[in-house]
Amino acid sequence: MRKRILSVPRGGLLGSPLKWLIANVIAWAIGILWILPFIGIIMTSIRPFSEVVAGWWRIHPFTLTLKNYIDTLFNPMFSLLRGFINSLIIAVPSTIIPVMLAALGAYAFARFSFPLKNYLFITMLFLMAVPQQMTIIPIFFMLNNMRLLNTYLGLILVHSSWGIPWITFFLRNYFLLLPKELEEIARVDGATNKQIFFKVVLPLSLPGIVSASVLQFAWVWNDFFFALMLIFDPDKMVITQMLPRLKGQYQVDWGLLSAGSVLAMLMPLIVYAVFNKYYIGGFRGMAMKR
Amino acid sequence: MIVGGLLIQFSFDKDLGVVNLFLRIMGLNWLARSWTIYPDTALLSLILGSVWLWTGFTVTLYSAGLASIPRETIEAAIIDGADFKTILFKVIVPQLKPVTLTVIAMTILWDLKIFDIVYASTMGGPGGASMVLALLMYDYFARLQDYPMSATAATILTVVTLPVVIYWIRVIFKGGE
């Protein structure tokens, strides 16, 4: 009897099964409505445009074709294949460099005390929230003077430095949640700070580091503003930059554009899927904690 | 997010858009048009589109927050004979306060700095009807090459976001105490 009282009644908190059914129907309806634009863009991308001009939901003549994808990937004006490769060239180093640097800084913020620590930390929080627009004018002229405008290296450096504050904050929160005892044991055994960091802390915080890397990769991949301002050469443009250019002058070619959009969404989705099992516990770093 | 902007334009398209399909089904034929190309609906389509885009992020954070609520608190309320409404507003919502604060701060900040979505779907048009600060800054910089005006627009944008940023930092600092 006691157990029956304690367990949540059948139908959850809502009580009767009827209410449970209504709640589920509403939830599913909202979910399906939410996902409809994605379904629409996929449907448009895999069918000839003549079939979807009156709405992609008309499925009577349904011809499966990859023509839109081939046309966008090998577009003579804006080859999306080139954009895809450029995005990878930019995104991979722009993920590895800031995660490595931020991990060192985050450990210092989590475990050591040093002068001005709190002020530096607040400065970093402000830097996390500064709009990209605020920084771009000095960055533009600085890169121009360094002859790094319109180069991969320039954009990689900008993305790396842009990523450091939030990754430091994220990993610091993660390090704070690690048990201190292991590090203390290592210290008693005579390990140096360097050894403790690389042999104890880093292996323990792999989920946090993977989550930060995945988020940073997706952020750089989806970023548009920095690329728009700093890369002009069509051969060096990243995928997000090419998409609006596929629109055409007067009539929007949704066949090309839908295929391009799906391709641009694909990479972050693959990365999320591949690393899914590593970062289940990693989002503890998101928790707000001083 | 560029893709988000394209998806918004796509969904509000006269023939292809899901939104207009539903408007026609509901008999609102006079509203069924390409929302992004008319001055009176361009901004509204961006607002509704942003709501749609941000729902995913918000749901993810809230489901993580809901999963971290201890079940015992809810069970204790049931034993005490609380009804669904009481449990929802007196037990669940208060425990979600940190998530709510994060979600509100982040969505406000992001939507003040909105750029990609506007660039991809309306370009601030037609006739500046859906112009936003970030895009104005870009226009001054790239199209007119008026760098002082561009810097001014960027500074105004930063000042507008500042109260939210300060509030957010204070929440983070209070969170651990």
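## Before you start

This is a predicted model, in which local features need pLDDT of at least 70 and side-chain atom pairs count only at pLDDT 80 or more, while totals for chains, interfaces and linings use all residues. Residues are numbered from 1 along each chain as its sequence is written, and chains are lettered from A and ligands numbered from 1 in the order in which they are written.

## Chain B as a whole

Chain B has nine helices and zero strands; helices (H or I, at least four residues) and strands (E, at least two) are DSSP runs, numbered from the N terminus. The C-alpha atoms of chain B fill a box of roughly 65 × 50 × 20 Å along the principal axes.

The radius of gyration of chain B is 21 Å, whereas a compact globule of 177 residues would have one near 16 Å. That radius is taken over C-alpha atoms, and the globule rule is 2.2 Å times the number of residues to the power 0.38. In chain B, 28% of the 177 residues count as buried. A residue is buried if 20 or more other C-beta atoms, placed from the backbone, lie within 10 Å of its own, exposed if 12 or fewer, and partly exposed in between.

## Two domains in chain A

Chain A is assigned domain 1 (2-65) and domain 2 (73-286), with bounds from an automatic or database domain assignment. Their C-alpha centres lie 33 Å apart. Five residues from domain 1 and six residues from domain 2 make the contact, where contact means C-beta atoms, placed from the backbone, within 7 Å. On the domain 1 side, helix α2 (residues 17-45) gives the most, with four residues.

## A helix pair across the chains

Helix α14 (residues 254-275) of chain A packs against helix α1 (residues 2-11) of chain B at about 145 degrees, with axes 10 Å apart. Axes are lines fitted to C-alpha atoms, for helices over the stretch in contact, and angles run from 0 to 180 degrees between N-to-C directions.

Among the residues that meet are Trp254(A) and Leu257(A) in α14(A), and Leu6(B) and Phe10(B) in α1(B).

## A buried proline

Is Pro244(A) buried or exposed? Pro244(A) is buried, because 20 other C-beta atoms lie within 10 Å. Pro244(A) sits in helix α13 (residues 239-245) of chain A and touches Ile2(B), Tyr119(B) and Ala120(B), leaving aside residues up to four places away in sequence.

Methods: Contact = placed C-beta atoms within 7 Å.
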